[in-house]
Amino acid sequence: MTKVNSSENINFKLPEMSDGQFQLFSELIYSLCGINLLPKKKMMLVSRLYRRLRALNIIDFNDYYNFLLTSDGRRDEIINMIDAVSTNKTQFFREPEHFAYLTAKVLPEFIERGYANKNKTLNVWSAGCSTGEEPYSIAISLSEFCQKNKLECGFKITGTDISTRVLETASRAVYREDVLTPVPKELLKKYFHKSDGMDKDEYTIVPELKKHVSIRRVNLMDSDFKLGALMDIIFCRNVIIYFDKQTQINLFHKFYSTLNRAGFLFIGNSESLHNISNEFTFLAPTVYKKEE
Ligand SMILES: C[S@@+](CC[C@H](N)C(=O)[O-])C[C@H]1O[C@@H](n2cnc3c(N)ncnc32)[C@H](O)[C@@H]1O
């Protein structure tokens with residue numbers, strides 16, 4: 001493998017990626033995590049993988065690709081490559097109409113079905129949860145709903161992602177002040193602690209909320225998600241945009257099997273199940289339900 005020593009790093013140039021190499025990387029990435037990189041994404045791929053080349057002191061993409069196929073590469077580097085190529089943009093209460101729908105329509109239905117009982121757990125899955133803003137926003141919404149309606153509810157939110165880097169942030173549950181702008185002031189006060197350490201502009205999710213959220217790695221390409229229970233609600237928002245049609249078809253079929261009867265599915269505002277799945281009932285744009 002061609003390596004450079006650290007003093008040469010200073011003059012490290014962005015390496016070339018041929019169309020053939022792009023094809024090899026995109027096939028590998030597609031087979032590992034379903035992310036479908038179109039040719040127009042080549043420059044994005046070059047700049048993201050360049051960070052990995054630098055970290056490993058490898059100077060060209062051929063050597064990096066061959067390293068990924070070795071047993072050391074498969075064990076240590078594939079995860080880093082997936083971390084580098086995944087797009088993790090997220091936000092607290094992103095697409096707020098979903099949280100309004102959850103509180104106005106979905107949760108009252110579960111209460112009618114006997115879920116206002118701390119011995120019965122409402123299972124919610126945030127699939128592709130990135131750095132955790134989505135599962136914690138769901139947890140806040142559920143907690144607020146139960147308190148406002150004076151209900152004793154048991155709920156568990158499972159946040160999963162393929163990228164270990166974002167999962168570390170989600171598990172840590174510490175967020176900078178600027179990331180928290182979409183959180184209403186009264187909820188910030190109630191569900192976050194201001195850090196008393198060095199980073200004064202950091203806030204941690206309070207333990208009473210955090211205990212409802214568990215974070216783990218799940219690759220949505222796996223045939224068995226190993227979640228341990230059927231879900232009542234699945235949020236999978238702004239994830240399938242990176243998958244091709246066949247991958248989306250397979251994924252929604254698996255989501256259908258992962259949901260309890262009469263369970264709900266939320267997808268991202270720019271996404272649709274049109275021509276992808278006819279198993280779910282359409283309730284509102286981007287909100288679906290499994291049959292009763
Ligand atoms: C743009 S973020 C969306 C985050 C959040 N759901 C939201 O809407 O704000 C997409 C996430 O999907 C994850 N992802 C992509 N492919 C995946 C796969 N095969 N399995 C699990 N997660 C995946 C990425 O790592 C990324 O964190």
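Contact here means heavy atoms within 4.5 Å. The model is predicted.

**View 1. Phe 25 and its contacts.** Neighbours within four places in sequence are left aside. Beyond them, Phe 25 is in contact with Met 17, Leu 45, Leu 49, Phe 61, Tyr 64, Tyr 65, Leu 68 and Met 81. Phe 25 also belongs to the largest nonpolar core, shown next.

**View 2. The largest nonpolar core.** This core has 46 residues. Phe 25, Trp 125, Leu 220 and Phe 255 touch the most other members. Elements giving two or more residues include helix H1 (19-33), helix H2 (42-56), helix H3 (61-69) and H4. Strand S1 (121-127), strand S7 (231-236), helix H10 (245-258) and S8 are also among them. Domain 1 (6-85) and domain 2 (96-289) both contribute residues, so the core lies between them.

View 3. In soluble globular proteins, nonpolar side chains tend to be buried together.

**View 4. Phe 93, a buried loop residue with positive phi.** Most residues other than glycine have a negative phi. Phe 93 is not a glycine, yet its phi is positive, at about 50 degrees. Phe 93 sits in the loop between helix H4 (71-85) and helix H5 (96-115). Its relative accessibility is 15%, so Phe 93 counts as buried.

**View 5. Asn 275, an exposed loop residue with positive phi.** Asn 275 is not a glycine either, and its phi is about 65 degrees. The loop that carries Asn 275 runs between strand S8 (259-267) and strand S9 (281-284). With a relative accessible area of 55%, Asn 275 is exposed.

Terms used. Residues are numbered from 1 along each chain as its sequence is written. This is a predicted model: local features need pLDDT of at least 70, side-chain atom pairs count only at pLDDT 80 or more; totals for chains, interfaces and linings use all residues. Side-chain values use heavy atoms; hydrogens and water are left out. Helices (H or I, at least four residues) and strands (E, at least two) are DSSP runs, numbered from the N terminus. Buried means under 20% relative accessible area, exposed over 50%, partly exposed in between (1.4 Å probe, protein chains only). A nonpolar core is a set of buried Ala, Val, Leu, Ile, Met, Phe, Trp, Tyr and Cys residues joined through side-chain atoms within 4.5 Å. Domain bounds come from an automatic or database domain assignment.
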